[in-house]
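Please open the structure in a viewer and keep the selection panel at hand.

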Amino acid sequence: MDNKTITITKDDLATAIRALLPAYNVYAPAGEGERLAFAALDESRLGAINLTGSPVIPPKELLFPRSESLYTLDPETGAATVPEIAESTLIFGVRPCDLRGIENLDAAFLEKGYVDSNYAKRRENTTIIALACVTSPYETCFCESMGGDPLAAKGADVLLTETKAGDAFTAAFQTPKGLQVKLLWDSLAMDCGSAPAMTEGSKPAMTEGSKPAMTGQHNTLRVTKPDDLPQRLMAAFDDPHWAVLSEACLGCGTCSYVCPTCYCFDIDRESGAKEITEYRCWDCCMFSDYSRMAGGHNPRPTKKERLRNRYLHKLAYFDERYGMTLCVGCGRCIAKCPASLDITEVIEWGGGAL
Amino acid sequence: MNYTEKTKLIQTRAAALLEAGEVSYVLGWGATRFADKTRARFARSPEEAATLVYNEHCTQSLAKYLVDDRWPETRIAILARGCESRAINRMIRDNQIRRENLLILGLPCEGTDAERCRSCRAHDPVVYDELLWEPNSTGAAAAAELSRYYRADAVDALSAAEKKAYWDDVYARCIRCYACRNACPVCSCRECFVDMHRTGFQGKRHSATDNQTFGVTRAFHVGDRCIECGECERACPMGLPILAQTQKILKEIEALAGDYEQGLDAAQDNYLGAFDLDDKDDFM
């Protein structure tokens, strides 16, 4: 695309994001500590932007919501209403691993002959500004071991990288959608340039050409991943070690719901007197009702089968179908598992000796 | 005695029990690749007993794992601090496990990294077969840093409108992962109501109404049996103040009925689950 990058000082970040608000529904990490989440921004929330960490709930929820109404019916008339999907959304501050997660979702929802129309529309309407990880946000980050590059996000529309001095971001514009953002920021720079008397909050936003920080403190967690991991794990389907791997599992949905690539959903209905809503919501293969069939039979009766299925989907089945692993090494499941299970142990076990 | 010495005692006793075939496994904690995380370990041989660890990062209460193995052929040895022991009592009362299936290795506890330990009133185990080291000199009900109902008190101090805003915020952040339920030693329904299909009264949807239906129903179902271990909060990936709910129920029961604490022995009734034809109210 356009080789020209621009530099945004950290002081001017709010100004830069303010310039996007008229054109997009902007979401960015905001809040402190456990409240850090991708939040809808408006003028009043600009001060809450927090790019120091990575939210527990990944940005996948903006493309694949926790819950969405598919249609509503009026029980009297039978008339159906299909909810509108927002135009022009922009997600600011997506980490490279989470972008790879979105690329996994693209494969699941858009490839192999079936296009999920709600996902497709959201994806089409969404511009992504990625943020290179100069420092790893979690102690449990291991993206590099999963083939990721914490400093690159090829598929992002814009890539921000903190400069060496640490007081600014360099923005690289990588797609036509990214150039739309550049247009907004260019005009901002021009406006500001011709108005030197502006207040501190809206002082000139951009200078061109600072060098990005090209080295960072990358993952401390290094995982040895066998090249033929999918084949090895599938060959180990009946290995007794799955029982050992799963014995501490509590069977909750934390790992799936904090995962940037888990995309299972359920469809259900809420029938009210005035309105019937058909909705879909996140679901999780660690739950007993996920695999329960009509009549009550459950082909994955215990946590051993459920955990094996989840890890095999991440590390083998998805690879077999789409040619990419479904674990991007974001480290959230390890950081948040209430029983301290660790997917890297499964990767390193690799089905045991062949 | 420091943690290294305590770990050694645990390993030695566990190895002896496994060597003698007295127990099928010893349920304790093991190390992970992260220095600040431990994980439940099921030691099945003297060699595995040598991998058990004990330190301030043993934040998880182990009792819930007992329901994964309700009918063991040989007894299970479980390392039990105050929280595990109270859970065991309550789980026995709830007919989830049997005392004769357990060999309880009591561990007088000094608290862990987990916040809930700061309000603990039962550092020493209340039921055990043997203690691995001397009880705390302060006794079982050591003075806690936080008051018993510290979360509920904080919410009680809010106005009605503030309370609504508080809980609306909590349930907007709930992701319905059910970690609280699965970690809870008294959540023991064979099939949880939220796993039932199309009941009509609760949905799988992540909405304010459905999230609150889950949270409030669970709180009422476990509230009068809550042993105050705080596993629900420790497990919650979103850091939600789940203990506030059961603390509130316990606080109200105490106001109505006087001293009320669960899990102190295995014969205790639970206030909302017990009935008496001589009930002081006339609806009986």
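Is Val216(B) buried, partly exposed or exposed? With a relative accessible area of 39%, Val216(B) is partly exposed. The model in view is a predicted one.

**Surface patches of chain B**

Begin with Val216(B), which sits in helix α7 of chain B.

**Salt bridges**

Over all chains, the structure holds 48 salt bridges. Select Lys204(B) and Asp266(A), which form a salt bridge whose closest N and O atoms are 2.9 Å apart. This pair crosses between chains: Lys204(B) lies in the loop between α6 and α7 of chain B, and Asp266(A) in strand β11 of chain A. Lys204(B) counts as buried because its relative accessibility is 14%.

Move to Glu233(B) and Arg151(B), whose side chains meet in a salt bridge at 2.6 Å, N to O. Distant parts of the chain are linked here, since Glu233(B) is in helix α8 of chain B and Arg151(B) in helix α4 (residues 150-156) of chain B, 82 residues apart. Glu233(B) is buried at a relative accessible area of 13%, whereas Arg151(B) is partly exposed at 21%.

Then select Asp169(B) and Arg173(B), another salt bridge, with the closest N and O atoms 3.2 Å apart. The two residues are four apart in helix α5 of chain B, and therefore about one helical turn separates them. Asp169(B) counts as partly exposed at 26% relative accessibility, and Arg173(B) as buried at 15%.

Finally for this section, select Arg86(B), Arg121(B), Arg148(B), Glu228(B), Glu254(B) and Glu261(B), which a network of salt bridges links.

**Backbone with positive phi**

Keep Glu228(B) selected and inspect its backbone: phi is positive, at about 65 degrees, although Glu228(B) is not a glycine. Most residues other than glycine have a negative phi. Glu228(B) is found in the loop between α7 (208-222) and α8 (231-235) of chain B, and it is buried, with a relative accessible area of 17%.

Tyr178(B) is also not a glycine, and has a positive phi of about 65 degrees. Look for Tyr178(B) in the loop between α5 (160-173) and α6 (179-183) of chain B; at 5% relative accessibility, Tyr178(B) counts as buried.

**An aromatic pair in chain A**

The count of aromatic pairs over all chains comes to 23. For one of them, select Phe64(A) and Phe265(A): the ring centres are 6.3 Å apart and the planes stand at 65 degrees, so the pair is edge-to-face. Phe64(A) lies in the loop between β3 (37-40) and β4 (67-73) of chain A, and Phe265(A) in strand β11 (residues 265-271) of chain A, so the pair ties together parts 201 residues apart in sequence. Phe64(A) counts as buried at 1% relative accessibility, while Phe265(A) is partly exposed at 33%.

Terms used
Residues numbered from 1 in each chain as written. Chains lettered and ligands numbered in written order. Predicted model: local features only at pLDDT ≥ 70, side-chain atom pairs only at ≥ 80, totals over all residues. Heavy atoms only, no water. Phe/Tyr/Trp six-rings, centres within 6.5 Å; stacked < 30°, edge-to-face > 60°. Buried < 20%, exposed > 50% of the residue type's maximum accessible area, 1.4 Å probe, protein only. Salt bridge = Lys/Arg side-chain N within 4 Å of Asp/Glu carboxyl O.
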